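Subject: Structure for your files

Hello,

Here is the structure I said I would pass on. My notes on it follow below.

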Amino acid sequence: MDLSLYVITDEKVGLGRSHTFLAEEALKGGATVIQLRDKEKSARELYEIGVKLREITKKYGALFIVNDRLDIALAVGADGVHLGMNDLPISVARRIAGNNFIIGASVNSPEEAVLAEKEGADYISAQCVFEIPRELQVSLKLKDTSVRVIGLEGLRAIVKVSSLPVIAIGGIDRDNVRDVMRTGVKGVAVLHAVVSKEDVRSATEELKKLISLPHP
C-alpha cells in the first residue's frame, strides 16, 4: 500500500464540484489513495459515484477506499473501507469482507491504535493532528471525538506503538506537512488542503513534492 498522499473527496468542501472531478484532479497531481466521503447522499447515489471512482482510480493505479460504508465498498469493488471507532467493528468488517480487503481505522490514542491492530486493521489514521476550524467541522459533520487535537507528540506516540502503517490527518497543509512526516508516518490524509482549492491538481502536486523530500 502506498499511503503517502491520501486524498478525501467532499463536494461541500470541494466548492460544489463532483467527487469524480475532485478525485481525478488529485490523481493527476499524484495522489496515491482516494477516499469517498459523503454523509448526505443515499446508498444508491454513493453506489453510482463509487462505480465511477473505481474506474478512475484503476486508471491511475491508485487505491480506492470508501468511508464508513462497507456495503458500498464491497458493491463497487473498492480496495477497502475506512472505519471510525464508532462505526462497524473492525473484526466484524474483516469477517464479512475477508482478508484480501483493506480496512483502515481512525484512532485518537495509542490505546485505540493497539486495539485497532488487534481487531484486524491494515492501517491506522491518527487524528486530529492539528486544530480544524469550527466552520469546517460543521461542514464535515465531524463528531467531537474526531476533532480532539493530539499534536505532533500524540502522533509520535501512536506511531511508536503501532506495527501497522500510520497516516496522519487533521489540519495538515503545505506549511506543516514536513513536520508531520518527521514523526515517522507513512503518509498524510488531506481534504481541505487539496479539494477546497481552485486548482486541485496543483495543490496536490505541491503536497506531493513536500512529502517526497527527505525528512531528517
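In which strand is Ser 125 found? The residue belongs to strand β6. Please keep in mind that this is a predicted model, and that the remarks below are computed from it.

Is Ser 125 buried or exposed? Its relative accessible area is 3%, and because buried means under 20%, Ser 125 counts as buried. Leaving aside residues up to four places away in sequence, Ser 125 touches His 82, Ala 105, Ser 106, Val 107, Ile 167 and Ile 169.

The overall arrangement

Strand β6 is part of a closed barrel of 8 strands, which runs β1-β2-β3-β4-β5-β6-β7-β8 with parallel pairing. From one strand to the next, the twist averages 25°.

Here are some of the pairings, taken in order along the barrel. Strand β4 covers residues 80–83 and strand β5 covers residues 102–107; the two pair in the parallel sense over 4 bridges. Within this pairing, Leu 83 has Ala 105 of β5 opposite it. Helix α5, residues 110–119, packs on the sheet and touches both β5 and β6 (123–126). The direction of helix α5 makes about 160° with that of β5.

Strands β6 and β7 run parallel and are joined by 3 bridges. Ala 126 has Ala 168 in β7 as its bridge partner. On the other pairing of β7, strand β8 (residues 187–190) is joined to β7 in the parallel sense, again over 3 bridges. There, Gly 187 in β8 stands opposite Ile 167.

Strand β7

Which residues of β7 (residues 166–169) point one way, and which the other way? Val 166 and Ala 168 point one way from the strand, while Ile 167 and Ile 169 point the other way. All of these residues are buried. Ile 167 and Ile 169 are also among the residues that Ser 125 touches.

A patch on the surface

Leu 74, Leu 88 and Ile 96 form a nonpolar patch on the surface. Together they have about 240 Å² of accessible area. One of them, Leu 88, lies in the loop between β4 and α4 (90–97). Why is Leu 88 called partly exposed? Its relative accessibility is 34%, and partly exposed is the class between buried, under 20%, and exposed, over 50%.

Regards

Notes:
Residues are numbered from 1 along each chain as its sequence is written. This is a predicted model: local features need pLDDT of at least 70, side-chain atom pairs count only at pLDDT 80 or more; totals for chains, interfaces and linings use all residues. Side-chain values use heavy atoms; hydrogens and water are left out. Two strands pair if DSSP finds at least two bridges between them. Axes are lines fitted to C-alpha atoms, for helices over the stretch in contact, and angles run from 0 to 180 degrees between N-to-C directions. Contact means heavy atoms within 4.5 Å. Buried means under 20% relative accessible area, exposed over 50%, partly exposed in between (1.4 Å probe, protein chains only). Patches are made of residues with over 30% relative accessible area and no salt bridge: like charges are joined within 9 Å, nonpolar side chains (Val, Leu, Ile, Met, Phe, Trp, Tyr) within 5 Å. Accessible areas come from the Shrake-Rupley method with a 1.4 Å probe; for residues, only the protein chains shown count as cover. A salt bridge is a side-chain nitrogen of Lys or Arg within 4 Å of a carboxyl oxygen of Asp or Glu.
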